[in-house]
Amino acid sequence: MGYYVKLKRNNEELSLQDLNEAILVREDDNIQFLIVSDEEKKSKITIEIEDYEVEIEQVADNNFYFRTKEGQFFRESFGLSVVNIRCDCDDKFNIQIKFEVLARKFTAQRVESIIQYLNKQSENLWRVCLARSSLSVGTQDVGDSDPETLLDTAEKLVERLVESRLEIQNQLRQRLVPRKVPSWRARGLNTDVDPCDIVTNLDSLQSFFGDGDVVIRGRTYSVFGLDVTALEHTSDVYENNVLIGGIYSVRRRLTAFLDDIPKQFKSYRLAIYDTEYESLPDLLARITTVGMERRARKILETANALIRFFENELGLVYHGELRPRITPYVRSTRIYRSIFEELHKWYNLGNPSFTGAGFLIKLRSLSKIYEFYCLFRLLEVLREYGLIIQKIKPIQGPYDQVPEQVELTNDNIKIILFYEPKIVPLSESTKHLDLVDIYHTSKGFGNYWMPDFVLRIESPFDVVYGVLDAKYSRYRTVKEERVPDMFSKYFYDTAVYDAHQKILDSGRIFAVLALYPGSEQDADCFFQWRKYGIRAQVTRLPLLGGVKVLPEFQTGLRDVIGKFLELGCQRVSCSSPFLPMA
């Protein structure tokens, strides 16, 4: 028996010949999935869009098939969205379809604030993590530098050279070198006439009446037409070669940087005139590279002007990109010394690379962007409560700028923030007070829970957990669908293993929270136990609900995390070093 998939967009069937290429859809397109079989057989078809399962129905017609209702399945998506289709009776039938979702301008503008935050703040937070890390996290390859640092250093270097042009011209390093020049041009210079030159160039001698330059057989001759050796000033010295080489280095690297920018992004648009929608790669390019591209072109323009000035006006000669080395003249001359210091910083940066702060260009889906945003906001809030980052473990793979595990401390309390941890079924490797998946029966593909974040508060006496998921969905969807599903998975079907008493207990799970963008009309947070939320005199555990998290909404996450820390620390240490923030 065989299955094959059909896809309809706005009642128009789409081709699925090349599953490696993403299918373009708009966020408000009506989509329908059909899985067709040549014979009827009891089997379960599962269709998952991102992290939620779509309802399907079985239909018996000329062929037996499954289908979904026609709907706007990507109304809360932007960028890359992945659909997985599986069958329980056929292991080979495991299809993954990629969609590139275009969003309306309003949606794109809302997402822009999140990306702006990541673009500006994530690198600073990451550097704070690295500064506090006692684990080996690796460094960039030699010769690579993130774009912002590269542009900042290049700007400082060319600005310094522009400001110092007249000073360099007045204190230009020169030396005297012997050169062959026509004797008429050597008048007034220290010259030396080589007798061999006279003997080999007798035809260039000119008869002269009076006191000439040379007397041969009683006759007087002038060497006016002969080349003689004269000492002339030249700017072709090491110190100046380093200056001109540095400017050429700036021009070369920034040219390569500008050439590399278009390769990092793929622009998506259904039609040239389709300006009502925007793709995520276009948005990322506009935010992360347009400003850098403008700066790079301005620096290149200044660098070209400097090259013309140094070569044409001062006679500097390019001999390659020479690294600066302190010579006696550089040590004794302030202007050369300061410029050589800037050049030393420049050469240490290496070639332009997007592996540093520009990690955003790797992000293809809105869900991943929102996850990272929530991760860095959680780290910010934890630090606001006085927690100090002690250790960090980065993700292995393309998102190596993102922490997978961060350990923070305050007094005798240790708090660990996990990003996308796997909660697996009980096994021999399960440790005391580990989270355990009690829904799945064995380890295997997909037989585990993987929430976006887990907060673990621990002391020498006890441990408390909080499970959080980033859901870029509307308030109603989060409240009616996401939170109940999370409660079922992460509380009813998850427990903490007590190795001493040999029991599984969910009582140490103090919070199950959805992080979502919300809107201005929504409250900062909501809880399923309406009368017993974080601001009530009596709080019911677990803290079950949703928290609005966006750059313009700051208080909700801070208050909820503060309450979780307060209750959790009371549990594990019988006292709380965390007090609610004013």
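**Salt bridges and a surface patch in a predicted model**

Glu-420 is partly exposed, with a relative accessibility of 26%. Glu-420 takes part in a salt bridge with Lys-368, where the closest N and O atoms are 3.2 Å apart. Lys-368 sits in helix H10 and Glu-420 in the loop between strands S22 and S23, so the pair links parts of the chain 52 residues apart. Lys-368, for its part, counts as buried, at 16% relative accessibility.

Helix H10 also contains Glu-384, whose partner Arg-558 lies in helix H12, 174 residues apart from it. Glu-384 is partly exposed at 37%, whereas Arg-558 is buried at 18%.

In total, the structure holds 23 salt bridges. One of them joins Arg-295 to Asp-152, with the closest N and O atoms 2.6 Å apart. Arg-295 belongs to helix H7 and Asp-152 to helix H2, so this pair ties together parts that are 143 residues apart in sequence. There is also a network of salt bridges, which links Lys-414, Asp-434, Arg-456 and Glu-458.

Which charged residue is buried yet has no salt bridge? It is Glu-342, found in helix H9. The nearest side chain of opposite charge, that of Lys-345, is 4.1 Å away, and a salt bridge requires a distance within 4 Å.

Leu-426, Ile-438 and Leu-504 make a nonpolar patch of about 250 Å². Ile-438 lies in the loop between strands S23 and S24 and is partly exposed at 39%.

Key: Residues are numbered from 1 along each chain as its sequence is written. This is a predicted model: local features need pLDDT of at least 70, side-chain atom pairs count only at pLDDT 80 or more; totals for chains, interfaces and linings use all residues. Side-chain values use heavy atoms; hydrogens and water are left out. Patches are made of residues with over 30% relative accessible area and no salt bridge: like charges are joined within 9 Å, nonpolar side chains (Val, Leu, Ile, Met, Phe, Trp, Tyr) within 5 Å. Accessible areas come from the Shrake-Rupley method with a 1.4 Å probe; for residues, only the protein chains shown count as cover. Helices (H or I, at least four residues) and strands (E, at least two) are DSSP runs, numbered from the N terminus. Buried means under 20% relative accessible area, exposed over 50%, partly exposed in between (1.4 Å probe, protein chains only). Lys and Arg count as positive and Asp and Glu as negative; His and the chain ends are not counted.
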